[in-house]
Amino acid sequence: MVHRRWFGLVLLAALAAVGLVLVSCGSSTSAGLTPPSSAGGAGSTPVNGTPVVGNTTLTMSEKEFSITPAIAKAHSGKIDFFVNNDGTIIHNFAVNVGGKEVKSADVKPGQKIQFTVTIDKAGDYTYYCAIPGHEQAGMKGTLTVTTSDVPSNTANP
């Protein structure tokens, strides 16, 4: 009887672990990095067959008091943030670029906005809600920007 109960608990734990693995595997794009479109984004191919690095698109979710994902990655250049306010109060989205705050308009509950920032230098940048007290309450994250060589679009002779 005890063995059956123990087996049931182990089986339940194993199923929960498999579920978590499936959720994490399936959320690689929703956790921040979204595949770019074919209109000039990373993954488009010029005549010579070398991939061109382009814009990065990131989807962010804000609510009391967190931003998801808390860690995001992007290529240098133009970064498009799609910010969803999944909370019940007004938020906004800001990125500290070289000590300067680049901030979106306020985002009402249930509203979604697009916010674009250009970052040319590799490094770690902080993003946060700039409403007073929100960053301190946990609404912040880290954006790691990497630089990439952009190949020429001319064909090889």
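This briefing describes the fold, the sheet, the aromatic residues, the nonpolar core and some loop features of one predicted protein model.

The structure is a predicted model, in which local features need pLDDT of at least 70 and side-chain atom pairs count only at pLDDT 80 or more, whereas totals for chains, interfaces and linings use all residues. Residues are numbered from 1 along each chain as its sequence is written, and side-chain values use heavy atoms, with hydrogens and water left out. The protein chain has one helix and ten strands, where helices (H or I, at least four residues) and strands (E, at least two) are DSSP runs numbered from the N terminus.

**Overall fold**

- From the N terminus on, the elements of the protein chain follow the order α-β-β-β-β-β-β-β-β-β-β.
- Among the contacts (heavy atoms within 4.5 Å) with a separation of 6 or more in the protein chain, 57% are between residues 24 or more positions apart.
- The protein chain exposes about 9,600 Å², of which carbon and sulfur atoms supply 60%; accessible areas come from the Shrake-Rupley method with a 1.4 Å probe, and for residues only the protein chains shown count as cover.

**The open sheet**

- Five strands form an open sheet in the order β4-β10-β9-β6-β7, with mixed pairing, and two strands count as paired if DSSP finds at least two bridges between them.
- The edge strands of this sheet are β4 and β7 (100–103), each of which pairs on one side only.
- Neighbouring strands of the sheet are turned by 30° against each other on average, direction ignored; the axes are lines fitted to C-alpha atoms, for helices over the stretch in contact, and angles run from 0 to 180 degrees between N-to-C directions.
- Strands β6 and β9 run antiparallel and are joined by two bridges, and V95 stands opposite Y127 in β9.

**Aromatic pairs**

- A search of the whole structure finds four aromatic pairs, a pair being rings of Phe, Tyr and Trp (its six-membered ring) with centres within 6.5 Å, where planes under 30 degrees apart count as stacked, over 60 as edge-to-face and the rest as tilted.
- In one of these pairs, the ring centres of F81 and F93 are 4.8 Å apart and the planes stand at 45°, so this pair is tilted.
- This pair links distant parts of the chain, since F81 is in strand β5 (residues 77–85) and F93 is in the loop between β5 and β6 (94–97), twelve residues apart.
- F81 is buried at a relative accessible area of 0%, and F93 is likewise buried at 0%.
- The rings of F93 and F115 have centres 6.0 Å apart and planes at 75°, so this pair is edge-to-face.
- Because F93 lies in the loop between β5 and β6 and F115 in strand β8 (residues 112–119), this pair ties together parts that are 22 residues apart in sequence.
- Both F93 and F115 are buried, and one aromatic cluster is formed by F81, F93, F115 and Y127.

**The largest nonpolar core**

- In soluble globular proteins, nonpolar side chains tend to be buried together.
- A nonpolar core is here a set of buried Ala, Val, Leu, Ile, Met, Phe, Trp, Tyr and Cys residues joined through side-chain atoms within 4.5 Å; of the 22 residues in the largest one, F81, F93, V95 and L143 touch the most other members.
- At least two residues of this core come from each of β2 (56–63), β4 (71–75), β5, β8, β9 (123–128) and β10 (140–146), and the largest share, four residues, comes from β8.
- Not counting residues up to four places away in sequence, L143 touches several residues, including L58, A72, I79, F81, I119, Y125 and Y127.

**Loops and cis peptide bonds**

- S104 lies in the loop between β7 and β8 and counts as buried at 8% relative accessibility.
- S104 touches N92, F93, I113 and F115, leaving aside residues up to four places away in sequence.
- A cis peptide bond with omega of about -15° joins E64 and F65, and F65 is found in the loop between β2 and β3 (66–68).
- Another cis peptide bond, with omega of about 5°, joins T68 and P69, and P69 is found in the loop between β3 and β4.
- G98, in the loop between β6 and β7, is exposed with a relative accessible area of 76%.
- The C-alpha atoms of G98 and K121 are separated by 9.3 Å, and these residues are 23 residues apart along the chain.

Conventions: Buried means under 20% relative accessible area, exposed over 50%, partly exposed in between (1.4 Å probe, protein chains only).
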